[in-house]
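Visitor: I would like to learn how to read helix packing and a nonpolar core. Please take me through one example.

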Amino acid sequence: MLLARFCGVVGSSRGYVLVLDAVARQLVPSVAIGYDNVDQPTARTLDDGNDPFVVALLGMQVVACAHGLPRSGISRRTRLIAVPFPQPRTVDAPRFIDRADADRRLASPCSVAAVDSSRTWLERPDGIALSPYGVFVLEMDSLPVALDRIACAAQLAGPMLSRLAASDAHRGRAAELADQRAVLTSIVNSLPDPIVIIDGDRQIVVQNQRAEHLLSMRERDSEGRRRAVEINNLLLTSHLSKDPAPSGTNVAAEARELNMVDPDDGTDLLFEVLTQPLDENDNAIVSVLRDVTDLRRAANELELQVQRVRLAEYEAKRESDRLNLILTNVADPILVTDDRANIILMNRQAELLFGSATPNIGYATGDRSAAVRANDTKFTTFISDFSLSPESARREDMELQRPGDDPMTIPMEVVAGKIVDRRGEPLAIVSVLHDLTEQAENERLYKELKNFSSELEARVRAATADLGEQNVRLQWQSRELEKANRLKSEFLASMSHELRTPINALIGYTALMLDRIYGDLNDRQEEGLVRIRAAAQHLLALINDILDLAKIEAGRMPLHIEDTVLQEVMREASVQIDPLIKKKGLTYRWIGPDEPLHMMTDRTKVKQIMLNLLSNAVKFTHSGTVTLLAQQEGDLVRLDVADSGIGIRKEDLSAIWDDFRQVDQSRTREFGGTGLGLSITRKLSGALGGRVTLSSEYGRGSTFTIFLPIRSEAHREHDA
Ligand code: ADP
């Protein structure tokens, strides 16, 4: 506006303003009137000390030029004046030059114009320090009369202009800032990460939309959402207070993790919080919450995948190690070939047969390679055949050469299988060769063994037939024997009456004679009769025993099983044996169970067993005691007949059970007896389902023990 006024005053249609750019050390065109695009004025450098516009500025003198200057935008035909104007002093202002210096610097066509007020600005009453600011460049035909006023106005207007310019610039910056802020806000809002700025009191000052979503509640929000937002605020506050943002320091932003809740669906969210102090003097901090939920999930998933891959690698390695181990340790040769029968892989055993160069084997090379070639030809033929065939596995017997000093043929079994790709095309063929030498040898041995065994079988069969015959003979003999025995027993049993009658008559008549029924007897007659009676009684006892035995053996001694109280039988036997005990002056005891012990057994036979054993005990005991002891052992009754008598020698222990057996025949006279008592005893207890045992010490005494079942029912049937 001022420029237009100046132009009006000087009657010019064109003019412009150059303003100092102290930093660039330039005078830069700022406002212009009447210039088209072609003829623009350009900037002028301060370093050109002789430039009329620079001189006008630094000297604060109105400079007039008789015609235009280069780069001034003003043509040579036209005059121009440069009117300087100051500004309040600035720090980086160039220094003023004095009038003389200005005059010196200017040359034709320019000179300092004679203006009265040229220096008045230096004597301003308010004494404000000033510095150069700019130059009005006005184009005209002749020097105007009002130059004085223009210069004066320019000097006065300078500081104002500078302030105006400053305020303009300020306004421009404010608008720019507003624009930038709008752009920034939209950028920040469009970010998917929540961003909050928090002041020193931990209050949220600024937040973007995403942060608002997590941390602010609106009136229409549901209860659940409100709670989630509250929780999020708590979490964020506690997170920030745990590690107060570094204030007044320039510490780099620090990332830490923070869990939050999505207020919409309640899912867990994981954020990485980057906090940064906003500026050095303020306690405010800006926090960027980077959503790493998916990232973390992906990272975890990735980690899992990596682990799986590692595991798979490890497994694969182990598998291949195992395979190698098998290959190297298997005793059979193994070869892997491609479909054209080229060997890809083979183990050591296979190398012995097919390896062309195995230096450490030490065979004569010539023989060796011939054998290997022969093997190779056979094997290649087999593989080629097999690879062309549609079958997936093949087995074939093959005779291969064992290379060496003493080459020999080995019978081998080749088992080959195809390894195919996904389309079923063969990739490789695995062949396992099995040495059949041992098998052939085994087969030979087996055949021999079989022959031998069948021979043996024939012999055994013959021997068995022989044995069978003998057996039949023996059976026949045994049957015959049995028959004879039975006949003997039957004979004896039937003879009992015939035998006993005359003896009883003998005893009876002897007794009558001894009773003097047939008249007096002298001493010799009496003695003879006593002897006859003793002999007859012995004979009767003998016959009774023989008959008992015979009856048992002939099965003619039936059992009468009845309820029997053991103690009663013991008492009866004891009463019966008592006279003999007394006669020999022995001590006798019988001990039974406290409670009456009921047995289902043949009472008479139990008593006979007791009497047999007791009478033996008394018979073979000269002094001391005889004991009868009975006790229950499970479902058996144990009877012990113990004496302190003469005892039995070890060597006689088994013989005493035989019929008619007496240990010392010479002593028969002393003890009497028939040698049948024990035999009968054993047979009787056997018939009752029991058994007899004996323990004896020669010279000290004997104990005979009988075990009888409490219930002898089973044997009743047998004997019935
Ligand atoms: P005997 O009628 O002679 O007693 P036994 O068959 O009863 O016939 O006994 C056979 C033999 O066993 C007896 O002659 C005797 O030598 C021996 N003997 C049996 N019981 C006893 C015993 N308690 N002490 C010693 N020897 C015995």
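**Helix packing and core**

Guide: Two packed helices are described by the angle between their axes and the distance between the axes. Here the axes of α13 and α15 come within 10 Å and cross at roughly 150 degrees. Axes are lines fitted to C-alpha atoms over the stretch in contact, with angles from 0 to 180 degrees between N-to-C directions. Helices are DSSP runs (H or I, at least four residues), strands likewise (E, at least two), numbered from the N terminus. This is a predicted model: local features need pLDDT of at least 70, side-chain atom pairs count only at pLDDT 80 or more, and totals for chains, interfaces and linings use all residues. Residues are numbered from 1 along each chain as its sequence is written, and side-chain values use heavy atoms, without hydrogens and water.

Visitor: How are α13 and α15 oriented to each other, parallel or antiparallel?

Guide: They are roughly antiparallel, a label for angles over 145 degrees.

Visitor: Which residues of α13 and α15 meet?

Guide: In α13, K605, Q608, I609, N612, L613 and N616 meet G677, L678, I680, T681, L684 and S685 of α15. Contact means heavy atoms within 4.5 Å.

Visitor: Which residues have the most contacts inside the largest nonpolar core?

Guide: A nonpolar core joins buried Ala, Val, Leu, Ile, Met, Phe, Trp, Tyr and Cys through side-chain atoms within 4.5 Å. Buried means under 20% relative accessible area (1.4 Å probe, protein chains only). The largest has 44 residues, with L566, M610, L614, V626, L628 and L639 making the most contacts inside it. Its largest share, 8 residues, comes from α13. Beyond four places in sequence, L628 touches residues including M570, W590, M610, L614 and L639.

Key:
Buried means under 20% relative accessible area, exposed over 50%, partly exposed in between (1.4 Å probe, protein chains only). Angles under 35 degrees count as roughly parallel, over 145 as roughly antiparallel, 65 to 115 as roughly perpendicular and the rest as oblique.
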